[in-house]
Amino acid sequence: PLVSRSGSWTTLSNPQQQQQQQQLQHGNVVGSVASILSRPPSALSGLLPAPGASSGSASSTSSSSVEADPAKRSKLSDYYHARGYAARKQGNFKGAVDEYTRALALSPTHFKALFNRGFSYDKLGQYDRAIVDYTRALEVDPANSFAYYNRGITKDRMGDFEGAVADFSSAISLDPKNADFYHNRGFSLRKQVRSGLSSSWGCAAGCIDGSASRGCSRTGLLGTPW
């Protein structure tokens, strides 16, 4: 099965390290999935409308305050991104997309929100939108091998095997020791050959990349804990 990656690429066993990593990834938004979804952090309470509040002058003033203050915009964007992560952890990819979209409305170059919204779109089968988000994420961070990798997975699902091979190759050039990148490029190259769309080097490269993975299931999109 294909599985994309979403978030951080490391696994930490030490609880203190995990908390520090979560703080780094979510900014000021720290807590369990349930707590993140149920209430905003106290640091952002003045930036968010109260439950059931009407769109009166108070909310307009708050909105203007956020728009004028980059630090507040960043905090609020991180908050919505954290809510998107929490929704994704619950399998609510539509809800995750909504929250990531709110984060991006405040910070259009928020790499994690772009990357993880692309992941969620892929899970929803909205591959064109996933490609757009992964491409935008790569414009923010051109050296991120996992963004190339996930975009390659999505292209493969769309039947764009040549594009998938190109993205896996880009991922490999950035991280030549990651076996998953070779594994998946081998599968896409094999599909290219079978569909008659292989390049002049495709067959040979497919044999090389795929040799270690014959008889194995394909590695999918890589998910992350942020």
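**Helices 7 and 8**

I began with helix 7 and helix 8, which are roughly antiparallel to each other (angles over 145 degrees count as roughly antiparallel, under 35 as roughly parallel, 65 to 115 as roughly perpendicular and the rest as oblique). Their packing angle is about 160°, and the axes lie 9 Å apart; axes here are lines fitted to C-alpha atoms, for helices over the stretch in contact, and angles run from 0 to 180 degrees between N-to-C directions. The helices themselves are DSSP runs (H or I, at least four residues), as strands are (E, at least two), numbered from the N terminus.

This is a predicted model, in which local features need pLDDT of at least 70 and side-chain atom pairs count only at pLDDT 80 or more, while totals for chains, interfaces and linings use all residues. I also noted that residues are numbered from 1 along each chain as its sequence is written, and that side-chain values use heavy atoms, with hydrogens and water left out.

I then looked up the handedness, and helix 7 passes helix 8 in a left-handed crossing (left-handed if the near helix is turned anticlockwise from the far one by less than a right angle, right-handed if clockwise). For the contact (heavy atoms within 4.5 Å), I listed Tyr-127, Ala-130, Ile-131, Tyr-134, Thr-135 and Leu-138 from helix 7, which meet Ala-147, Tyr-148, Asn-150, Arg-151, Thr-154, Lys-155 and Arg-157 from helix 8. Sorted by class, this contact of helix 7 with helix 8 has 7 nonpolar, 3 polar and 3 charged residues, where Ala, Val, Leu, Ile, Met, Phe, Trp, Tyr, Cys and Pro count as nonpolar, Asp, Glu, Lys and Arg as charged, and the others, Gly among them, as polar.

**Helices 6 and 7**

Next I turned to the other pairing of helix 7 on my list, with helix 6, where the angle is about 160° and the axes are 8 Å apart. Helix 6 and helix 7 are therefore roughly antiparallel to each other, and helix 6 passes helix 7 in a left-handed crossing. From helix 6 the contact includes Phe-111, Leu-114 and Phe-115, and from helix 7 it includes Tyr-127, Ala-130 and Tyr-134. I recorded 10 nonpolar, 1 polar and 5 charged residues for the contact of helix 6 with helix 7.

**Helices 4 and 5, and Gly-84**

For helix 4 and helix 5 I noted an angle of about 170° and axes 7 Å apart, which makes helix 4 roughly antiparallel to helix 5. Among the residues in contact are Tyr-80, Gly-84 and Arg-88 of helix 4, and Ala-96, Glu-99 and Tyr-100 of helix 5. The class count for the contact of helix 4 with helix 5 is 10 nonpolar, 4 polar and 5 charged residues.

Is Gly-84 buried or exposed? Gly-84 is buried, with a relative accessible area of 0% (buried means under 20% relative accessible area, exposed over 50%, partly exposed in between, with a 1.4 Å probe and protein chains only). Leaving aside residues up to four places away in sequence, Gly-84 touches Ala-96, Glu-99 and Tyr-100. Gly-84 and Val-97 are 13 residues apart in sequence, and their C-alpha atoms are 6.8 Å apart in space.

Not counting residues up to four places away in sequence, Asp-167 touches Tyr-148, Arg-151, Gly-152 and Lys-155. The C-alpha atoms of Asp-167 and Ile-153 are separated by 8.7 Å, with the two residues 14 apart along the chain.

Phe-187 belongs to helix 10 (residues 179-195) and is buried too, with a relative accessible area of 14%. Phe-187 and Phe-161 are 26 residues apart in sequence and 9.2 Å apart in space, C-alpha to C-alpha.

**Core and whole chain**

The largest nonpolar core has 32 residues, and Tyr-80, Phe-115, Tyr-149 and Phe-181 have the most contacts inside it; such a core is a set of buried Ala, Val, Leu, Ile, Met, Phe, Trp, Tyr and Cys residues joined through side-chain atoms within 4.5 Å. The elements giving two or more residues to this core are helices 4, 5, 6, 7, 8 and 9, and the largest share, 7 residues, comes from helix 5.

Finally, I noted that the chain has 11 helices and 0 strands, and that 46% of its 226 residues count as buried. Among contacts between residues at least 6 apart in sequence, 65% join residues at least 24 apart.
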